[in-house]
Amino acid sequence: MIPPQSQWCHQICVTSACWPKPACSNCTRMLGHEKKRYFMSVDQFETAIHVAKSFLVDSAEDRGMRVNRNNPGLESRRKVLGIFGGEPLMHPEFPTLVDIMVENIPKRNRGLWTSFDWANGKSPKYGAYRPHVDRLLGKQPTGSTRSDQEDGYLNWNMHEEHQVCEHSPVLVAANDLIPDEKKRWDTISKCWVQTEWSAAYALDHNEELKFYFCEVAASFDRVLGLGTGLPVEPGVWRHPLWFERDHHGVLQPFGPYADQIRRTCGRCGASMRLPGRRD
């Protein structure tokens with residue numbers, strides 16, 4: 001694992017609504033297990049933006065590719081702050097969220113993760129998606145993470161049969177599959193998802209805005225009502241994250257994110273690199 005400030009992107013999870021229903025069996029947001037959908041308020045989104053925007057300029061160099069791909073010559077990815085869901089385009093105030101991001105975040109650092117036809121579709125609330133996506137990302141957004149990319153980052157997958165969309169089963173618990181505690185925590189400490197992926201600003205089970213060292217941990221916290229999220233305040237993404245061995249030789253997490261790690265990672269299957277399945 002790496003501290004959130006060394007990740008290449010952070011996500012603001014603006015909604016847990018999805019369409020036509022939360023049917024993806026291995027969704028990292030665990031939407032099929034939610035009791036209630038949420039839409040982040042404009043004020044909550046603005047709070048997240050103001051806390052997260054310094055990540056784009058003051059954080060440590062991206063370490064994910066270097067750690068996992070063992071290629072010190074590989075160029076670091078540019079930092080991205082994404083609008084994420086559920087399905088972000090279902091948020092009834094999406095144009096207002098775009099306004100806030102455009103005002104505060106440089107275009108090249110803005111991101112959007114969507115499974116909707118953003119180019120041709122429209123919302124029953126605010127109309128065509130495309131004008132707002134164009135404002136957010138520019139006219140030529142791509143999935144490139146190159147540092148010289150000028151337009152924003154777009155991750156678009158409509159989950160159609162011809163598209164590759166496979167997820168490992170996150171609800172197969174490491175606690176169950178790796179009974180040896182030393183081996184289990186050695187595996188968790190090297191979790192490729194947390195290293196290659198994202199921290200999250202999301203609403204917990206009390207609909208309060210919280211910060212998580214890992215997007216999947218945010219899902220476990222909300223669905224199981226764990227209460228491990230940190231208050232979204234300046235510097236929350238800067239905290240250190242490290243492991244040390246106890247007197248039994250078992251790695252233990254340390255730092256302000258340690259409670260999240262202890263209470264979510266053993267329940268999660270991401271670190272075990274289980275085979276992906278069609279969602």
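What volume does the largest cavity have? It comes to about 100 Å³. Here a cavity is a set of points, on a 1 Å grid over the protein atoms alone, where a 1.4 Å probe fits but cannot get out. Grid points are joined across faces, edges and corners, and the volume is the space filled by probe spheres set on the points.

Before you click further, note that this is a predicted model, in which local features need pLDDT of at least 70 and side-chain atom pairs count only at pLDDT 80 or more, while totals for chains, interfaces and linings use all residues. Residues are numbered from 1 along each chain as its sequence is written, and side-chain values use heavy atoms, with hydrogens and water left out.

Select Cys 191, Cys 214, Cys 265, Cys 268 and Ala 270, which are the closest to the centre among the 13 lining residues; a lining residue has an atom within 4 Å of a point. By class, the lining has 10 nonpolar, 3 polar and no charged residues. Ala, Val, Leu, Ile, Met, Phe, Trp, Tyr, Cys and Pro count as nonpolar, Asp, Glu, Lys and Arg as charged, and the others, Gly among them, as polar.

**Stop two: the cysteines.** How many disulfides does a search of the whole structure find? The search finds 0, a disulfide being a pair of cysteine sulfur atoms within 2.5 Å. Cys 191 is buried, at 7% relative accessible area, whereas Cys 18 is partly exposed, at 24%. Buried means under 20%, exposed over 50%, and partly exposed in between (1.4 Å probe, protein chains only).

Next, colour the 7 strands ordered 6-3-2-1-8-9-10, a sheet with mixed pairing. Strands (E, at least two residues) and helices (H or I, at least four) are DSSP runs numbered from the N terminus, and two strands pair if DSSP finds at least two bridges between them. The edges are strand 6 (153-156) and strand 10 (230-231). Strand 3 (residues 110-114) runs parallel to strand 6, joined by 4 bridges; zoom in on Thr 114, whose bridge partner in strand 6 is Trp 156.

**Last stop: a hairpin.** Select strand 11 (residues 242-245) and strand 12 (residues 251-254), an antiparallel pair with 4 bridges. Glu 244 stands opposite Gln 252. In the turn, Gly 249 has a positive phi of about 80°.

Key
1 Å grid on protein atoms, 1.4 Å probe; cavity = no way out; pocket = protein on both sides within 12 Å on 5 of 7 lines; lining within 4 Å.
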